[in-house]
Amino acid sequence: MMQLQKINDITYVNGIRLETETIPIEEIEDSLKIIKEDMKLKELQEIRLRERRDEIIVHARKHGFSAIKIASILDVTRQTIYDVLKNMDINNEEE
């Protein structure tokens, strides 16, 4: 979630000035560190979302949803659905 703040008529998003050209030189390093941490968090969130999506794909197939329908809902290819099902099946066999 992005946090928007306005302090002394300066707008910040997640602690970084919104207008890049207004970032003072002494704040550039901190701004880059903040961006790096935000990106790491977003990557972790994406991984978790993909894992959850894959679980729901398997659940949907078990309950009669076709690969075509799931692919259409998710706006991905059928091959993506088949790859997920194959990978989830392999992961379940290993457990």
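Visitor: What share of the 95 residues in the chain is buried?

Guide: This is a predicted model, in which local features need pLDDT of at least 70, side-chain atom pairs count only at pLDDT 80 or more, and totals for chains, interfaces and linings use all residues. Residues are numbered from 1 along each chain as its sequence is written, and side-chain values use heavy atoms, with hydrogens and water left out. Buried means under 20% relative accessible area (1.4 Å probe, protein chains only). Of the 95 residues in the chain, the buried share is 19%.

Visitor: In what order do the elements of the chain run from the N terminus?

Guide: Helices (H or I, at least four residues) and strands (E, at least two) are DSSP runs, numbered from the N terminus. The chain holds three helices and three strands. From the N terminus on, their order is β-β-β-α-α-α.

Visitor: Why is the chain described as more spread out than a compact globule?

Guide: The radius of gyration is taken over C-alpha atoms, and the globule rule is 2.2 Å times the number of residues to the power 0.38. For 95 residues that rule gives 12 Å, and the chain is more spread out because its radius of gyration is well over this, at 21 Å.
The C-alpha trace spans, along its principal axes, about 55 × 30 × 20 Å.

Visitor: In which element is confidence highest?

Guide: Confidence is given as pLDDT, the predictor's score for each residue from 0 to 100. The chain average is 87, with 91% of the residues at 70 or above. Strand S3 (residues 16–17) is lowest, at a mean of 75, while the highest, at 97, is helix H2 (residues 67–74).

Definitions and conventions:
Buried < 20%, exposed > 50% of the residue type's maximum accessible area, 1.4 Å probe, protein only.
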